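Take a moment with the structure below. We will start from a single place in the chain and then step back to the whole.

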Amino acid sequence: MMNVQLIVLGKLKEKYMKDFASEYEKRLSAYCKMTVVELEPVKLSDNPSQSEIDNALTKETKMIKEKIPKSSYVFSMCIEGKQMSSEELDDIALSGKNNVVFIIGSSFGLSNEIKQMSDFKFSMSKMTFPHKLARIMLTEQIYRGFSISHNGKYHK
């Protein structure tokens, strides 16, 4: 069975968000082993300098890298990444790979190091979404991709 890991900086705190994410994670259990790794983002001041942001991203990079299993196909979620349809996500992410990792960074994104080591830079939209919502949207799209590849009716 395929392993899909979602590495996220930050936790879902609201019950309705947790419930929504749990529903798609439960549905995914029919298709893959889904693991969500929630990491604590580095705390920054209210008006951080670029140096403070860079230091935080460096610390977050170390935490993220420690959680990526070897031989994984890694997707970095970033605004400058490539946008694709649900069908393309199915073709690229869910076809023929044993371990797939999706990474959602903190409010300042991901370091260049994480982006460069990734196999694919992925953007859901040119719009910016709250990280919690992006996490749920990504989980839903992963489920949709599996539904497509198994000729399910969900994606129609």
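Ser118 sits in the loop between helix 4 (112-117) and strand 5 (120-122). The model is predicted. Is Ser118 buried or exposed? Its relative accessible area is 12%. Buried means under 20%, so Ser118 is buried.

What does Ser118 touch beyond its neighbours within four places in sequence? Its contacts there are Val74, Phe75 and Ser76. With Ser76 there is also a polar contact between the two side chains, at 2.2 Å.

Now step back to the chain. It holds five helices and five strands. Read from the N terminus, the elements run β-α-β-α-β-α-β-α-β-α. The radius of gyration is 15 Å, close to the 15 Å that the globule rule gives for 156 residues, so the chain is as compact as a globular protein of that length. The C-alpha trace spans about 50 × 35 × 30 Å along its principal axes.

Of the 156 residues in the chain, 44% are buried. The chain exposes about 8,800 Å². Carbon and sulfur atoms supply 50% of that area.

The chain has 23 positive and 19 negative charges.

Definitions and conventions
Residues are numbered from 1 along each chain as its sequence is written. This is a predicted model: local features need pLDDT of at least 70, side-chain atom pairs count only at pLDDT 80 or more; totals for chains, interfaces and linings use all residues. Side-chain values use heavy atoms; hydrogens and water are left out. Helices (H or I, at least four residues) and strands (E, at least two) are DSSP runs, numbered from the N terminus. The radius of gyration is taken over C-alpha atoms; the globule rule is 2.2 Å times the number of residues to the power 0.38. Buried means under 20% relative accessible area, exposed over 50%, partly exposed in between (1.4 Å probe, protein chains only). Accessible areas come from the Shrake-Rupley method with a 1.4 Å probe; for residues, only the protein chains shown count as cover. Lys and Arg count as positive and Asp and Glu as negative; His and the chain ends are not counted. The place of a charge is taken as NZ of Lys, CZ of Arg, CG of Asp or CD of Glu. A polar contact is a pair of N or O atoms within 3.5 Å; within protein, one must be able to donate a hydrogen and the other to accept it, and residues adjacent in sequence count only if both atoms are side-chain atoms. Contact means heavy atoms within 4.5 Å.
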